[in-house]
Amino acid sequence: MNTNPSSSLLTVPTGALKISEYPYSDINDATQGNHILLSLVIPTYKERDNVEKIVTILSGLLDDAIPDRYELIIVDDDSPDLTWQVAQSMIPDYPQLRVMRRQEERGLSSAVIRGWQVARGRVLGVIDGDLQHPPEVLTQLLHKIENGADLALASRHVEGGGVSSWSVVRRFLSRGAQVLGLIILPSVLGRVTDPMSGYFMVRRSAIAGATMNPVGYKILLEVIGRGNVREIAEAGYVFRERTEGESKVTWKQYIEYIQHLIRLRVSTGKLGKISRKIDFPVGKFIRFGVVGFSGVFVDMAVLYLLSDPTTLGIPLTRSKIVAGEVAILNNFLWNDAWTFADVSMQQKGWKQRMKRFLKFNVVCLAGLIINVLVLNIVYNFLIRNQYIANLIAIAVATIWNFWVNLKLSWRVTDVNK
Ligand code: GDD
Ligand code: MN
């Protein structure tokens, strides 16, 4: 492998998916990259046979349009076909090219954001790496930004746009997804003709500071939903057929798309606004509470099944320990799949999940001890009514359980493996 430092790989950012403000204020200092206008991210997964061609074409185009004022950032998710290596080998011939190889995280949307996090330009862009997005449209998009748009996207549904030879089924699914999105999240999808587009440019200032939280493929929704995008412009394009490699879209992307819509809807709605104001995840807390409530019924049911004289008649303490643990398992599964889904989806795999479950167990156990302690303190020193004291104890333990699990069991900074 090439060990020349100038062709080394980019370090992958970790932590929250947040784009920083433009880092260069000194306009006379052109050495650090503050001369760069456009940072174009090309996400790739198994695009070995496309990567060389797309870099060549994009470089040629941008060398004409904005020589030396752009950078191409390939973000490859450790493709087994070594796409990143092919890209890396081109760096000596293409000084504007930078390459990132991600090994800890996966997924199209987060790849794009990780790329933007290392970007040096004032305008951040994305284009597919499989040549299905016609490169010529880039200059049109750039013009639109230069003429004042905050976001310029390539659309299949305006004049000059279309798809090459999609089957009726694929067209139907694509439009169906759009209609569904319009119903769930009209404030975002209603602003553009092609919300599924993965070919666009956005001013850094429009998304700097917002923490992105995407699931799956549709990064544009995140940009419009969480960013501060005022003016939007569109340019038509025809979605070309692939000649090399294959699409990574499976049924899973449709499920993720719906999850994404719902999550964006919740966090950009009223509740989300309150959450941001008081800097507390209100929605998660409510979900956590609902799950906790469901645990009470699981606990009761198991206790009945085990200890009731008409059923198994097992001694009370032993029954209660089992019932409590089953309730903890129930709560964990719901919290993992629902309350904290944003985190658990980034940390898949059994080992990771087991780790979260163990942490959750320990935290809940500590919560039980706190519960008993608070009950005694309140009852003996403050309010001599065991039910009110118990309510207060439950409230304190719930807040403890929520907060510590949020910070410990479903921690954002953890990555795969
Ligand atoms: N880094 C990384 N990680 N790249 C990925 C991943 C991933 O997990 N999955 C896909 N890609 C890359 C592909 O290599 C390709 O360059 C691009 O993302 C698009 O993936 P395709 O699998 O080719 O998607 P498509 O042809 O169905 O395109 C659809 O999605 C695009 C992206 O949002 C269409 O909706 C397009 O309009 C849209 O631009
Ligand atoms: Mn494609």
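This is a predicted model: local features need pLDDT of at least 70, side-chain atom pairs count only at pLDDT 80 or more; totals for chains, interfaces and linings use all residues.

Colleague: Thanks! And which residues come nearest to ligand 1?

Modeller: The ligand has 25 residues around it, and the nearest are Glu47, Asp77, Gly129, Asp130 and Lys248.

Colleague: How does that shell split by class?

Modeller: It has 10 nonpolar residues, seven polar ones and eight charged ones.

Colleague: What about polar atoms facing oxygen atoms of ligand 1?

Modeller: Asp130 has a polar side-chain atom 2.7 Å from a ligand 1 oxygen. Arg242 also places a polar side-chain atom 2.8 Å from an oxygen of ligand 1. From Pro43, a backbone N or O atom lies 2.9 Å from a ligand oxygen.

Colleague: How much of ligand 1 does the protein bury?

Modeller: On its own, ligand 1 exposes 730 Å², and the protein buries 96% of that.

Colleague: Switching topic: which protein donors does the manganese ion have?

Modeller: That ion is ligand 2, and its protein donors are Asp130 (OD) and Gln132 (OE1), at 1.9 to 2.0 Å.

Colleague: Is Asp130 buried or exposed? And why?

Modeller: Asp130 counts as buried because its relative accessible area is 5%, and the cut-off for buried is under 20%.

Colleague: And Gln132, buried or exposed?

Modeller: Gln132 is buried too, with a relative accessible area of 9%.

Technical notes:
Residues are numbered from 1 along each chain as its sequence is written. Chains are lettered from A and ligands numbered from 1 in the order in which they are written. Side-chain values use heavy atoms; hydrogens and water are left out. A residue is near a molecule or strand if one of its heavy atoms lies within 4 Å of it. A polar contact is a pair of N or O atoms within 3.5 Å; within protein, one must be able to donate a hydrogen and the other to accept it, and residues adjacent in sequence count only if both atoms are side-chain atoms. Accessible areas come from the Shrake-Rupley method with a 1.4 Å probe; for residues, only the protein chains shown count as cover. Ala, Val, Leu, Ile, Met, Phe, Trp, Tyr, Cys and Pro count as nonpolar, Asp, Glu, Lys and Arg as charged, and the others, Gly among them, as polar. Donors are N, O and S atoms within 2.8 Å of the metal (3.2 Å for Na, K and Ca); water is not among the atoms, so sites may look incomplete. Buried means under 20% relative accessible area, exposed over 50%, partly exposed in between (1.4 Å probe, protein chains only).
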